[in-house]
Structures are given as structure tokens and as C-alpha cells.
Amino acid sequence: MQNVLYIPVQLAVMLLLAPLVNGIIKKIKAVSQKRKGPPVLQLYYDFYKLMKKGTVVSETSSWIFRAAPYIYFTAILTAALFVPVTTVLAPFSVTGDMILAVYLLALARFFMALAGLDTGSTFGGMGSSREMMISALLEPSLLVSLFIVGLIAGSTSLYEIMKFSVLSGITILQPVYFLIFLALWIVLIAETARIPVDDPSTHLELTMVHEAMLLEYSGRQLVLMELGAALKQLIFITLLANVFIPTDIFVQGRGFLVTVILSLGFYFVKVVGIACVTAVIEINTVKLRLFSVPNLAALSFAFAFLGFVQYFVIGR
Amino acid sequence: MNHYLELLSILILLSSFILAAAKRIISYIWIFRLQSFLLVIMAGYLGAVNFRKEGDIDILIICMVILVVKVIYIPRLLENTFAKVAYKVEKDFFLNIPISVLICCGLVMLSYFSIFPIDDLREGVMKTYLVNSISVILIGLFFMISRKKAIGQIIGFLVIENGLFIAALLSAHSMPILVDLGIFVDVLAGVMIMGVLVFRINENFESININKLRNLRG
């Protein structure tokens with residue numbers, strides 16, 4: 001019963017919630033600038049409209065350009081299945097853990113960068129090379145953080161890690177988890193093209209990274225790329241929400257269906273909260289120079305490393 | 001109880017990492033202010049616990065003194081000094097930031113390896129406290145030698161003092177109040193004198209870059 005329900009619930013929640021997060025962040029930014037801003041559901045309308053439109057593909061591009069959106073989207077969607085939105089439902093028993101999830105994201109990024117290079121536009125190539133640089137800088141801190149969380153829980157499966165968190169209270173108040181939380185937050189900001197690293201609201205600017213690779217896409221393929229990016233953001237937010245601020249302990253001991261719904265409700269609140277904080281950070285900072293991104297990455301790695309020292313060496 | 005103290009000591013260590021990654025003098029001053037504020041919270045917490053248990057208010061007095069001296073007075077003094085000296089945007093550090101952050105990680109390891117073999121410490125958590133506070137001292141020292149400008153070096157000195165204070169506070173529930181107050185007066189006088197010196201360096205060399213002090217040497 002639980003295993004059967006897991007996949008539909010997971011897919012439905014992830015796919016429906018992902019564009020909303022972007023909408024909320026945009027709305028908060030607009031309000032802070034005394035604008036009205038687009039409606040919170042704008043991205044859904046955009047997707048609906050784009051789905052009806054045809055696609056234009058450059059003549060010089062190869063099959064990679066056409067295949068990339070599908071690979072990108074499927075890889076990210078598969079990775080999303082490994083990051084449970086609620087610990088109440090047990091995931092399906094296919095082998096796979098956080099390392100697979102991380103490298104599925106890396107596969108998606110690889111094809112996105114290839115697609116950026118494929119059309120031979122100058123913007124695309126620039127965006128791809130920058131994206132690869134940023135991802136290479138952040139991968140160490142992402143993996144070190146996940147490994148430490150895994151070591152504490154004694155498993156590399158994200159579901160097990162989240163279950164362990166539920167049992168040990170509000171984990172963010174423990175020093176090790178707090179450090180890892182900060183490290184992963186920096187990774188979240190950099191991976192999802194948020195402001196100190198990349199500006200999501202710019203279009204056609206020399207500083208853009210993520211947008212530069214999508215410039216040539218249109219219609220249905222653009223929907224896949226955009227939805228994939230939103231999903232990736234939600235994956236990271238889910239990770240932060242469920243590992244570091246576990247709330248499933250509050251909903252235990254009720255009927256099955258009530259538990260699931262309550263748990264999803266708490267999850268929704270956490271996601272909206274994290275989106276709000278991200279928006280506030282975005283309002284208050286400016287975009288870094290590209291060559292200052294290593295500083296941020298070094299700080300993120302240092303946080304993860306300190307977590308490692310706290311956990312391992314000093315013992316906890 | 002130990003949970004929160006540990007978290008606070010980690011936060012203080014984190015603020016010194018952020019200091020090592022900072023680039024501008026204004027942000028040094030702000031981070032120092034933040035670190036001192038965390039120190040105030042820590043001292044206030046320990047002071048309240050102590051007051052309830054034994055009824056002495058020494059740590060609370062010291063907490064107030066830190067609030068006035070380190071959170072309000074010294075940062076403002078430094079900001080004023082900084083506003084008066086000519087500000088040229090130039091590179092302030094010898095090593096680039098990723099490398100200095102990694103060196104700070106190395107310093108944490110160093111302090112761990114020097115603290116861990118001590119067997120007589122009361123409990124495991126004491127080792128955490130000592131490792132964190134000694135790391136803060138070492139990072140302050142490293143910050144002091146890695147910056148070229150005089151204000152950066154003053155901040156490094158103050159961070160070392162913060163680290164010493166945390167070490168005393170966490171391992172022995174603070175030093176006798178007279179010693180603490182004496183140290184604060186020392187620091188205050190030191191910072192004021194250094195502020196004046198920064199001013200003089202700026203007047204004579206039209207920059208607060210201390211490399212220029214070697215101009216006349218062969």
C-alpha cells in the first residue's frame with residue numbers, strides 16, 4: 001500500500017509545487033521593490049502557453065540539442081524520486097541513494113552544458129563554461145555535507161537519513177547539523193542560479209549563467225528545461241526541509257490518510273518558509289563577480305569541513 | 001544546556017571564518033561586532049545560570065561591559081577612524097581568499113591535534129569548547145598576519161582577545177572579575193592607541209598599508 005502510493009504522491013507534489021516556489025520568490029522580491037509583480041502562479045500560465053507553441057530549432061544544431069531537454073528533465077525527475085517529501089510513505093525498493101541522486105543531477109547539468117555549446121552561439125558557450133566551473137567548485141562541499149549526514153544516520157539512503165532526523169528531534173539545533181545546513185544552503189543558492197552567484201531575473205546580459213544556456217530553446221523544450229530547473233531547486237529545498245527541520249514526529253499516531261495529509265501540510269509550510277528566507281537573502285545581496293564565486297564555495301566547503309571535525313574528531 | 005553553548009561556540013568560530021573570507025574593511029568591523037554580540041549572548045547565558053545557582057553577578061557585569069565596549073564603542077571608534085583616513089580600494093590580503101579559508105581549516109585541525117591528547121579534561125564537550133576557542137585565537141593570529149592594512153590587524157588583535165575570553169569563559173566559567181576588567185581596560189587603551197597610530201600612518205604615508213612602513217629600509 002505505502003510503496004504503491006509513494007511514487008504518485010512524490011511525483012505529484014514535486015511537479016506541482018516546483019513552479020510555485022519560483023512564483024513565491026518572485027512575488028516577495030516584487031513586493032520589496034514596491035511593485036505588484038506577476039501572480040504567484042505565473043510560471044504555470046507560462047508553461048501552459050508554451051506547451052501550445054511550436055519549437056524553433058537552429059539549423060546548425062545536432063541531435064544533442066533536441067535530445068538534451070528530455071535527458072535533462074528525466075534525469076532530474078528521477079533524482080527527485082530519491083528525495084522523499086514525507087517520511088510517512090516508504091519509498092520503492094529500487095537500489096539508489098544520495099550519490100545516485102547527486103550524479104543524476106550532474107548528468108542533467110552535463111547535457112544542459114552540451115546543449116548550450118551545441119548551437120555555437122557565443123552566449124551559450126559562455127554560460128556552459130561558467131556553469132561547469134561553478135558546479136566543479138561546489139561538488140566537494142555538497143558531497144562532504146551529504147556524507148557526514150549519512151555517517152551520522154548510518155545510511156546513504158536519503159529516506160533513512162530523514163527517518164533518523166525525525167527520531168532525533170529538531171536537528172538544526174545540533175552543532176554538526178547546523179554547520180551542514182549552512183554549507184548546503186550555499187550550495188542551494190549556487191546550484192539554483194540565485195543571486196549572489198547568478199541572477200535569475202536577467203535575460204540577455206553578459207553576466208547570466210543559467211539563462212545563457214537556455215537562450216536557444218523555445219516552446220515545449222523550454223518548458224522541460226524550466227520545469228527541470230524548478231524541480232532541481234525543490235529537490236535541494238526538500239533536502240534542507242526534511243533532514244534539518246523534521247516535523248513528522250508531530251503527526252504520528254493518527255490514521256494513515258490523516259498522517260500523510262498532515263505531513264504534506266507541514267512540508268508545504270517548510271518549503272514556503274525556506275523560499276521566503278531565500279527571497280529575503282536575494283533582496284539583500286548583490287551579485288558576486290564570477291571570480292568571487294570560489295570564495296563562496298570555499299566558505300561552503302569550510303562549513304562542511306568544520307561539521308566533519310565536530311562530528312568525527314570530537315565525537316558526537 | 002551544553003547544546004546551546006556548543007552551538008554558540010560554533011557560531012563564534014563560524015564568524016571568524018566569515019571574517020577570514022571578508023574583503024572590505026567595513027565588513028571586518030561588522031563581523032567583529034557580530035562576533036562580540038554572540039559573545040555577549042554566551043556570557044549572558046552563562047551569567048544567568050551562575051546567578052541562579054550561586055547568586056553571584058560577576059559574569060553578568062562582564063557581559064554588560066562587553067556589550068558596551070566591544071559591541072558599541074570599539075566598532076564605532078574603528079568606523080570613525082576608517083572614515084577619516086583616505087580610502088583607496090586596493091587588495092588588502094597576501095593570500096587569496098579560498099586559500100586563506102582552507103588555511104583556517106588547517107588551523108582548526110592543528111588546534112584539535114594539540115587539544116585532543118589531553119586526558120584530564122572533565123568531559124568530551126570540554127574538548128569541543130577548547131578546540132573551538134583556540135581555533136578562534138589561531139584564526140585571529142592568522143588574520144593579523146595575512147592583512148596588509150592596519151585596521152585589519154587591529155581586528156585580528158581583537159579577535160584573538162575574543163578567543164581568549166571564550167576559552168576562559170567556557171573552561172573555567174570566566175576569570176576573576178578584576179582580571180577580566182583589567183584585560184578590557186588594556187584592550188580599550190590598546191585599540192585607542194592603535195587608532196591614533198593608524199591616523200598617523202595615514203598622515204605620513206597617505207595610505208594605511210603597513211607595507212609602506214618599510215620604505216626607508218634598505
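Student: Which are the buried residues of H7(B)?

Tutor: This is a predicted model, and in it the buried residues of H7(B) are Asp180(B), Val191(B), Gly195(B) and Val198(B).

Student: What do the buried residues of H7(B) pack against?

Tutor: They pack against two helices of chain B, namely helix H3, which covers 58-84, and helix H6, which covers 150-172.

Student: How far apart are the end C-alpha atoms of helix H7 of chain B?

Tutor: They are 41 Å apart, which agrees with the 42 Å that the 29 residues of this helix, residues 177-205, should span at 1.5 Å a residue. Just after H7(B) comes Glu206(B), which takes a positive phi of about 60°.

Student: Switching to chain A, at what angle do helix H5 and helix H6 pack?

Tutor: Helix H5 (residues 122-153) of chain A and helix H6 (residues 158-167) of chain A pack at an angle of about 60°, and their axes are 9 Å apart. The crossing in which H5(A) passes H6(A) is left-handed.

Student: Which residues make that contact?

Tutor: From H5(A) the contact uses Val149(A), Gly150(A) and Ala153(A), while H6(A) brings Glu160(A), Ile161(A) and Phe164(A). By class, the residues of this contact divide into four nonpolar, one polar and one charged.

Student: And between the chains, how many residues does the contact take from each?

Tutor: The contact takes 20 residues from chain B and 15 residues from chain A. On the side of chain B that touches chain A, helix H1 (2-21), helix H4 (97-115) and helix H5 (124-146) of chain B each supply at least two residues, and the largest share, nine residues, comes from H4(B). That side of chain B has 15 nonpolar, three polar and two charged residues.

Student: Which residues touch the most other members in the largest nonpolar core?

Tutor: Of the 154 residues in that core, those touching the most other members include Ile76(A), Leu231(A), Ala43(B) and Cys104(B). The largest share of this core, 17 residues, comes from helix H9 (residues 219-244) of chain A.

Student: What is Ile76(A) in contact with, leaving aside its neighbours within four places in sequence?

Tutor: Ile76(A) is in contact with Leu105(A), Ala108(A), Gly228(A), Leu231(A) and Lys232(A).

Student: Last one: where does Arg66(A) lie?

Tutor: Arg66(A) lies in helix H3 of chain A, residues 63-81, and it is partly exposed, with 14 other C-beta atoms within 10 Å. The C-alpha atoms of Arg66(A) and Tyr217(A) are separated by 9.4 Å, although these residues are 151 residues apart along the chain.

Technical notes
Residues are numbered from 1 along each chain as its sequence is written. Chains are lettered from A and ligands numbered from 1 in the order in which they are written. This is a predicted model: local features need pLDDT of at least 70, side-chain atom pairs count only at pLDDT 80 or more; totals for chains, interfaces and linings use all residues. Helices (H or I, at least four residues) and strands (E, at least two) are DSSP runs, numbered from the N terminus. The expected span of a helix is 1.5 Å times one less than its number of residues. A residue is buried if 20 or more other C-beta atoms lie within 10 Å of its own, exposed if 12 or fewer, and partly exposed in between; C-beta atoms are placed from the backbone. Two residues are in contact if their C-beta atoms, placed from the backbone, lie within 7 Å. Axes are lines fitted to C-alpha atoms, for helices over the stretch in contact, and angles run from 0 to 180 degrees between N-to-C directions. A crossing is left-handed if the near helix is turned anticlockwise from the far one by less than a right angle, and right-handed if clockwise. Ala, Val, Leu, Ile, Met, Phe, Trp, Tyr, Cys and Pro count as nonpolar, Asp, Glu, Lys and Arg as charged, and the others, Gly among them, as polar. A nonpolar core is a set of buried Ala, Val, Leu, Ile, Met, Phe, Trp, Tyr and Cys residues joined through C-beta atoms within 7 Å.
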